[in-house]
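Please read the text alongside the sequence and the structure shown below.

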Amino acid sequence: MEQQRLKEYLSLIQKLLACPQGEEWTHLKHHEELVDAQFVQVMEQVATQLTRQGDREAAIFLLDAYWRWRGFDVENFSRSFLKIFTEKTLMFRNDEQF
């Protein structure tokens, strides 16, 4: 993976974690060209790092997304990812178990 692409993935992940609840889909839609299978792999790696750092809430959010989207067909990945992310984000972020 090229260094610039990795920086773009990490920037998008940071935006997803920092944005107000319910606005995640806006960032994903705006950066749709970054939403691919490699992006999901980077999400998993960042979640692992966040877990080690003790940021459980952010790690769970990213791991949930990783497990939901890791098996999608790459050609249709972006469309499927955005659709499911939009539907599930509010439900996950409002889950009081975490």
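## Order of the elements

From the N terminus on, the elements follow the order α-α-α-α-α. The model is predicted.

Of the 98 residues in the protein chain, 34% count as buried. The accessible surface of the chain amounts to about 6,300 Å², and 48% of that surface belongs to carbon and sulfur atoms. When contacts between residues at least 6 apart in sequence are considered, 64% of them join residues at least 24 apart.

## The nonpolar core

The largest nonpolar core comprises 18 residues. Ile13, Phe39 and Leu62 are the residues with the most contacts inside this core. Two or more residues are contributed by each of the elements α1 (3-18), α3 (37-53) and α4 (56-69). Helix α3 supplies the largest share, 6 residues.

Leaving aside residues up to four places away in sequence, leucine 62 touches Ile13, Leu17, Met43, Val46, Ala47 and Leu50.

## Packing of α1 against α3

How is the arrangement of two packed helices described? For α1 and α3, the axes come within 10 Å and cross at roughly 60 degrees. The crossing of these helices, α1 and α3, is right-handed.

The residues of α1 that take part in the contact are Leu6, Tyr9, Leu10, Leu12, Ile13, Leu16 and Leu17. They meet Gln38, Phe39, Val42, Met43, Val46 and Leu50 in α3. Among these residues, Ile13 and Phe39 also belong to the group with the most contacts inside the largest nonpolar core.

## The aromatic pair

A search of the whole structure finds 1 aromatic pair. The ring centres of tyrosine 9 and phenylalanine 39 lie 5.7 Å apart, with the planes at 50 degrees.

Tyrosine 9 belongs to helix α1 and phenylalanine 39 to helix α3, so the pair ties together parts that are 30 residues apart in sequence. Both tyrosine 9 and phenylalanine 39 are buried.

## Two further buried residues

Where is isoleucine 60 found? This residue, isoleucine 60, is in helix α4. Isoleucine 60 has a relative accessible area of 17% and is therefore buried, the cut-off being under 20%. Its C-alpha atom is separated by 7.2 Å from that of alanine 47, and isoleucine 60 and alanine 47 are 13 residues apart along the chain.

Glutamate 24 is found in helix α2, which covers residues 24-30. With a relative accessible area of 1%, glutamate 24 is likewise buried. Glutamate 24 and isoleucine 13 are 11 residues apart in sequence, and their C-alpha atoms are 9.7 Å apart in space.

Methods:
Residues are numbered from 1 along each chain as its sequence is written. This is a predicted model: local features need pLDDT of at least 70, side-chain atom pairs count only at pLDDT 80 or more; totals for chains, interfaces and linings use all residues. Side-chain values use heavy atoms; hydrogens and water are left out. A nonpolar core is a set of buried Ala, Val, Leu, Ile, Met, Phe, Trp, Tyr and Cys residues joined through side-chain atoms within 4.5 Å. Buried means under 20% relative accessible area, exposed over 50%, partly exposed in between (1.4 Å probe, protein chains only). Helices (H or I, at least four residues) and strands (E, at least two) are DSSP runs, numbered from the N terminus. Contact means heavy atoms within 4.5 Å. Accessible areas come from the Shrake-Rupley method with a 1.4 Å probe; for residues, only the protein chains shown count as cover. Rings of Phe, Tyr and Trp (its six-membered ring) pair if their centres lie within 6.5 Å; planes under 30 degrees apart count as stacked, over 60 as edge-to-face and the rest as tilted. Axes are lines fitted to C-alpha atoms, for helices over the stretch in contact, and angles run from 0 to 180 degrees between N-to-C directions. A crossing is left-handed if the near helix is turned anticlockwise from the far one by less than a right angle, and right-handed if clockwise.
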